[in-house]
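Trainee: Hi! Could you walk me through this structure?
Mentor: Happy to, let's look at it together.

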Amino acid sequence: MRASLVRLASSVTSQPLKLQEASASLLPPLPLYRRILRAHRILPREMRLLGDDYVKAEFRRHRSTDNPLHIIGFISEWKLYLDQLESTKGTEFRGKPLDPTLLETMSSEQIGQLYELMHATRDIWKTPEELGKQGTKDGDGSRR
């Protein structure tokens with residue numbers, strides 16, 4: 001028994017596994033796109049619909065990009081998102097706070113998109129009663 005433990009211990013590398021680096025490998029755009037849409041299946045219906053539409057629009061928008069730096073940045077960020085989404089399987093998906101340094105590097109168009117996304121997602125988690133109250137505050141009782 002002791003000899004097998006020694007052999008087992010010697011077969012393990014001296015360096016620890018770097019799972020972050022292993023999962024950081026980039027996927028081609030189409031398999032990445034498909035995996036993201038599959039990963040969205042674990043989300044609640046409203047989040048899934050919003051997420052699917054957003055992913056489809058972003059991939060369509062970047063389809064004709066020729067700059068290799070933009071392509072690598074785009075694919076790597078979506079891969080990080082996919083890794084985060086896949087790591088939360090079985091638990092409720094929660095986003096993470098936006099890094100202030102990342103916000104500083106965004107263009108005005110990107111900040112505008114982020115602002116629109118914030119407003120689009122704000123009403124998802126409201127109950128019908130809260131939406132009704134909001135509609136009555138607007139004066140005519142209709143929803144926006």
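Mentor: One term to start: helices (H or I, at least four residues) and strands (E, at least two) are DSSP runs, numbered from the N terminus. Keep in mind that this is a predicted model, where local features need pLDDT of at least 70 and side-chain atom pairs count only at pLDDT 80 or more, while totals for chains, interfaces and linings use all residues. Residues are numbered from 1 along each chain as its sequence is written, and side-chain values use heavy atoms, with hydrogens and water left out.

Trainee: Let's zoom in. Which residues are buried in helix α3?
Mentor: Helix α3 covers residues 29–39, and Leu32, Ile36, Leu37 and Ala39 are buried there. They sit on the same side of α3, because they cover an arc of only 160° around the axis. That arc is taken from the directions from the helix axis to the C-beta atoms.

Trainee: What covers those buried residues of α3?
Mentor: The cover includes α4 (45–61) and α5 (68–87).

Trainee: Which residues is Leu32 in contact with?
Mentor: Leaving aside neighbours within four places in sequence, Leu32 is in contact with Leu27, Phe59, Ile75, Trp78, Lys79 and Leu82. Contact means heavy atoms within 4.5 Å.

Trainee: Then which residues make up the largest nonpolar core?
Mentor: That core has 12 residues: Leu32, Ile36, Leu37, Ala39, Leu43, Val55, Phe59, Phe74, Ile75, Trp78, Leu82 and Leu85. At least two residues of this core come from each of α3, α4 and α5, and α5 gives the most, with 5 residues. A nonpolar core is a set of buried Ala, Val, Leu, Ile, Met, Phe, Trp, Tyr and Cys residues joined through side-chain atoms within 4.5 Å.

Trainee: New topic: what volume does the second largest pocket have?
Mentor: Its volume is about 290 Å³, meaning the space filled by probe spheres set on grid points joined across faces, edges and corners. On a 1 Å grid over the protein atoms alone, a pocket is an open set of points where a 1.4 Å probe fits, with protein on both sides within 12 Å along at least five of seven lines; lining residues have an atom within 4 Å of a point.

Trainee: Which lining residues are closest to its centre?
Mentor: Of the 13 lining residues, those are Pro29, Phe59, Arg60, His62 and Arg63.

Definitions and conventions. Buried means under 20% relative accessible area, exposed over 50%, partly exposed in between (1.4 Å probe, protein chains only).
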